[in-house]
Amino acid sequence: MNVTMKKIALPNGETLAYREREGGDQVLLLVHGNMTSSKHWDVFMEQFDSNYKIYGVDLRGFGSSTYHKRIRGIKDFSDDVKLFVDELGLKDFAMMGWSTGGAVGMQFVADYPGYCEKLILLASASTRGYPFFAAKEDGSPDFTKRLKTIEEVEQDTGKTIPVQTAYDTGNRDFLRTMWNMVIYTKNQPELNHYEQYIDDMLTQRNLADVYQALNTFNISPYHNGVTDGTNQAKDITIPVLILRGDRDYVVTAQMTEEIITDLGDNAKFVELKDCGHSPLIDDLPQLIQEVNQFLTVTVSG
């Protein structure tokens with residue numbers, strides 16, 4: 001199906017790039033995760049139900065979007081999304097957020113009721129954030145020491161500096177090896193697609209800022225070790241589908257349990273069988289089936 005790359009200027013001075021796929025009257029907005037952009041949704045956009053018009057946005061600092069002002073938290077991304085949907089005149093849409101995009105989606109829905117009708121959280125960061133731990137001498141995470149400040153995250157030798165260095169030097173082999181170890185642990189994208197995904201990773205300009213935004217994100221009623229919760233999870237009253245692969249090495253089962261607990265009865269959890277952190281590559285038909293089923297079920301009462 002025809003997918004067009006476009007850009008739109010926001011009132012806050014940023015310009016967001018986005019992919020638009022033709023379709024019917026129903027609208028689905030896709031929000032990508034860290035180290036990616038709307039490019040990584042390409043296989044989904046190609047194959048999902050043609051009754052849906054699909055928008056995939058590049059968040060600020062990713063893909064072809066601008067990064068004039070540094071983000072300080074997930075809310076900066078979700079506020080950009082609000083400006084984005086207002087500029088395009090989108091309402092009554094469904095939203096799917098992958099990984100970091102799940103946090104963006106939850107913050108958006110909590111802050112701006114009446115826009116999004118259904119929310120899908122794909123391998124999402126928790127309602128209580130995604131903790132960033134200090135690195136031991138061997139580079140592995142020290143789960144007894146959680147970093148607190150952006151300066152600490154910027155200087156982290158376990159994750160931030162190696163990935164940022166790979167970006168700065170265009171080290172494609174490092175990025176490919178990292179993704180094969182953590183995300184594409186069973187299936188890898190088709191070779192040409194994979195090269196395009198690595199091109200896309202190299203566009204990111206906000207790595208440490210995103211790590212810290214995830215570290216401090218917290219819409220739960222609890223303190224997460226760094227920040228007090230805003231207790232906004234209770235404000236998410238639309239139907240939510242929570243999806244996590246049974247062998248996801250990025251988002252833990254505990255993080256998913258936190259989402260389920262904090263969102264309550266309007267959230268439904270489905271485990272994706274034999275999938276890691278990218279069900280888009282591991283089992284696209286299974287992902288499409290679950291998303292389509294959730295979006296087409298009429299909410300009663």
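β7 (133-135), β8 (141-146), α5 (160-169), α6 (172-182) and α8 each contribute at least two residues to the lining of the largest pocket, where helices (H or I, at least four residues) and strands (E, at least two) are DSSP runs numbered from the N terminus. The structure is a predicted model, in which local features need pLDDT of at least 70 and side-chain atom pairs count only at pLDDT 80 or more, while totals for chains, interfaces and linings use all residues. Residues are numbered from 1 along each chain as its sequence is written, and side-chain values use heavy atoms, with hydrogens and water left out.

The volume of the largest pocket is about 990 Å³. Of its 38 lining residues, Tyr 130, Lys 159, Met 178, Val 182 and Val 250 are the closest to the centre. A pocket is here an open set of points on a 1 Å grid over the protein atoms alone, where a 1.4 Å probe fits, with protein on both sides within 12 Å along at least five of seven lines; lining residues have an atom within 4 Å of a point. Points are joined across faces, edges and corners, and the volume is the space filled by probe spheres set on them. The largest share of the lining, 6 residues, is supplied by α6.

Most residues other than glycine have a negative phi. Asp 92, in the loop between α2 (74-88) and β5 (93-98), has a positive phi near 55°. Asn 231, in the loop between α8 (207-216) and β9 (240-245), likewise has a positive phi, of about 60°.
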